[in-house]
Amino acid sequence: LGGGRIAYVRTIRSEDVQKQFPQAPALAPGSQLFALHAADGTPIMLTDSREAAVANAWSNELQAVSVH
């Protein structure tokens with residue numbers, strides 16, 4: 001899916017981070033973060049800004065799209 005060229009950015013609540021990013025440290029509840037995923041759903045990175053997620057996608061030659 002996506003041919004290794006598409007990734008998506010999705011908002012995620014800090015309370016839900018451990019489900020998708022088990023290696024992430026414990027985070028204070030109530031924060032909004034941004035997750036970058038490969039088109040097949042594989043988590044790539046987690047950040048506190050959408051711009052950083054998109055920049056990471058571009059640096060990995062991926063086309064970033066938003067998911068609501």
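Let's start at Val 65, which touches Ile 6, Ala 7, Tyr 8 and Val 9, leaving out residues up to four places away in sequence. Val 65 is found in strand E4, and please keep in mind that everything I show you today comes from a predicted model.

Now the strands around it. Strand E1 runs over residues 6-13, and E4 covers 63-67. In which sense do E1 and E4 pair? They pair in the parallel sense, over 5 bridges. You can find one spot in that pairing by looking for Val 9, which stands opposite Ser 66 in E4.

Ala 7 stands opposite Ala 38 in E2, and Ile 12 stands opposite Leu 33 in E2. How many residues of E2 are buried? The answer is 5 of its 7, so this strand is mostly covered.

Let's move on to strand E3, residues 43-47, which pairs with E2 in the antiparallel sense over 4 bridges. These two strands form a hairpin with 4 residues between them, and in that hairpin Gly 41 takes a positive phi near 100°.

Pro 43 is the bridge partner of His 37. Beyond residues up to four places away in sequence, Pro 43 touches Gln 20, Phe 21, Leu 36 and His 37. As for Lys 19, it is 24 residues from Pro 43 in sequence, and their C-alpha atoms are 11 Å apart in space. Pro 43 counts as partly exposed, at 35% relative accessibility.

Staying in E3, have a look at Thr 47, which is found in that strand. Is Thr 47 buried or exposed? Thr 47 counts as buried, because its relative accessibility is 12% and the cut-off is 20%. Setting aside neighbours within four places in sequence, its contacts are Leu 33, Phe 34, Ala 52 and Ala 53.

Which residues is Ser 14 in contact with, apart from its neighbours within four places in sequence? They are Leu 27, Ala 28, Pro 29, Gly 30, Ser 31 and Leu 33. With a relative accessibility of 6%, Ser 14 counts as buried.

The other is Glu 61, in the loop between helix H2, residues 50-59, and strand E4. Glu 61 is exposed, with a relative accessible area of 71%. Its phi is near 55°, a positive value in a residue other than glycine. That is worth a glance, because most residues other than glycine have a negative phi.

Let's step back and look at the whole protein. How many helices and strands does it have? There are 2 helices and 4 strands, and along the sequence they follow the pattern β-α-β-β-α-β. The radius of gyration is 12 Å, close to the 11 Å that the globule rule gives for 68 residues, so the protein is as compact as a globular protein of that length. Along its principal axes, the C-alpha trace spans about 35 × 20 × 20 Å.

A few whole-chain values to finish. Of the 68 residues, 31% count as buried. The accessible surface comes to about 4,400 Å², and 54% of that belongs to carbon and sulfur atoms. Among contacts between residues at least 6 apart in sequence, 43% join residues at least 24 apart. And the charges: there are 5 positive and 6 negative ones, and their mean positions are 7 Å apart.

Technical notes. Residues numbered from 1 in each chain as written. Predicted model: local features only at pLDDT ≥ 70, side-chain atom pairs only at ≥ 80, totals over all residues. Heavy atoms only, no water. Buried < 20%, exposed > 50% of the residue type's maximum accessible area, 1.4 Å probe, protein only. Pairing = 2+ DSSP bridges. Rg over C-alpha atoms; globule rule 2.2 N^0.38 Å. Contact = heavy atoms within 4.5 Å. Areas by Shrake-Rupley, 256 points an atom, 1.4 Å probe, with all protein chains shown as cover. Lys, Arg positive; Asp, Glu negative; His and termini not counted. Charge placed at Lys NZ, Arg CZ, Asp CG, Glu CD.
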